[in-house]
Amino acid sequence: MHMRNSYATAVSLGGNTSKCGYSYLASSGEIIVGLGYFPRNELNEKVYKPVAAIYRTKPHLVAREIARAVEEIWEHGDRERLRDVLGHKIIDKPTPAEVMQALANYIAEGERVIM
């Protein structure tokens, strides 16, 4: 399967792209694609812990930095690009889970839909 570059996609959403949350967000998208489903009730175990292991940090810090990246994207990012990645019109700030799931779907290039 050919995937879009997750980090380039996360950074393209705009905001302060030097923050580690963008790397964590990108890695979360890749992990979710690898799982083949969105572990809504197991984010800590199935997403945050593996991302924390990659970056040698703690799962709660991964969750916090992803939330900060989503806040940064919402406050200072490219809303059109965010709409493209989310695949729908944006009314309210998306949750970190929504952005991770949308990123996973986007980087998988529609080869499968992560639900």
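Author: Buried means under 20% relative accessible area, and exposed means over 50%. The model discussed here is predicted.

Reader: Is Ala102 buried or exposed?
Author: Ala102 is found in helix 6. Its relative accessibility is 9%. Since buried means under 20%, Ala102 therefore counts as buried.

Reader: Which element gives the largest share of the largest nonpolar core?
Author: The largest nonpolar core holds 34 residues, and Leu25, Ile66 and Met100 touch the most other members. Two or more residues come from each of helix 2, helix 3, helix 4, helix 5 (79-86) and helix 6 (96-107). The largest share, 8 residues, is that of helix 6.

Reader: Which residues are in contact with Leu25, leaving aside its neighbours within four places in sequence?
Author: Leu25 is one of the residues that touch the most other members of the largest nonpolar core. Beyond its neighbours within four places in sequence, Leu25 is in contact with Ala10, Ile66, Ile73, Val99, Met100 and Leu103.

Reader: Why is helix 2 described as roughly perpendicular to helix 6?
Author: Angles of 65 to 115 degrees count as roughly perpendicular. Helix 2 and helix 6 pack with their axes 8 Å apart, at an angle of about 65°. That makes helix 2, relative to helix 6, roughly perpendicular.

Reader: Which residues of helix 6 make the contact with helix 2?
Author: Helix 2 passes helix 6 in a right-handed crossing. On the side of helix 2, the contact is made by Leu25, Ala26, Ser28, Gly29, Glu30, Ile32 and Val33. By class, this contact has 9 nonpolar, 2 polar and 1 charged residues. On the side of helix 6, the residues are Val99, Met100, Leu103, Ala104 and Ile107.

Reader: How are helix 2 and helix 4 oriented relative to each other, and why?
Author: Helix 2 (residues 20-35) and helix 4 (residues 59-76) have axes 8 Å apart and pack at an angle of about 105°. That angle makes helix 2, relative to helix 4, roughly perpendicular.

Reader: How many charged residues does the contact of helix 2 with helix 4 have?
Author: Helix 2 contributes Cys20, Gly21, Tyr22, Tyr24, Leu25 and Ser28, while helix 4 contributes Leu61, Val62, Glu65, Ile66, Ala69, Glu72 and Ile73. By class, 9 of these residues are nonpolar and 2 are polar, and the number of charged residues is 2.

Reader: Is Glu65 buried or exposed?
Author: Glu65 has its place in helix 4. Leaving aside its neighbours within four places in sequence, Glu65 is in contact with Cys20, Gly21 and Tyr24. Its relative accessibility is 12%, so Glu65 counts as buried.

Reader: Are helix 2 and helix 3 perpendicular or oblique to each other?
Author: The axes of helix 2 and helix 3 (residues 43-55) come within 9 Å and cross at roughly 125°. The crossing is right-handed. Angles of 65 to 115 degrees would count as roughly perpendicular. Helix 2 and helix 3 are therefore oblique.

Reader: Which residues of helix 3 make the contact with helix 2?
Author: Helix 2 takes part through Ser23, Tyr24, Ser27, Ser28, Ile31, Ile32 and Leu35. The classes in this contact are 9 nonpolar, 3 polar and 1 charged residues. From helix 3 come Lys46, Val47, Pro50, Val51, Ile54 and Tyr55.

Reader: Is Val51 buried or exposed?
Author: Val51 lies in helix 3. Leaving aside its neighbours within four places in sequence, Val51 is in contact with Tyr24, Ser27, Ser28, Ile31 and Val62. At 0% relative accessibility, Val51 counts as buried.

Reader: What is the phi of Arg56?
Author: Arg56 lies in the loop between helix 3 and helix 4. At 80% relative accessibility, Arg56 counts as exposed. Its phi is positive, in a residue other than glycine, with a value near 55°.

Note on methods. Residues numbered from 1 in each chain as written. Predicted model: local features only at pLDDT ≥ 70, side-chain atom pairs only at ≥ 80, totals over all residues. Heavy atoms only, no water. Axes fitted to C-alpha atoms, helices over the stretch in contact; angles between N-to-C directions. Helix = DSSP H or I, 4+ residues; strand = E, 2+ residues; numbered from the N terminus. Parallel < 35°, antiparallel > 145°, perpendicular 65-115°, else oblique. Contact = heavy atoms within 4.5 Å. Nonpolar A, V, L, I, M, F, W, Y, C, P; charged D, E, K, R; others polar. Left-handed = near helix turned anticlockwise from the far one by under 90°. Buried < 20%, exposed > 50% of the residue type's maximum accessible area, 1.4 Å probe, protein only. Core = buried A, V, L, I, M, F, W, Y, C linked by side-chain atoms within 4.5 Å.
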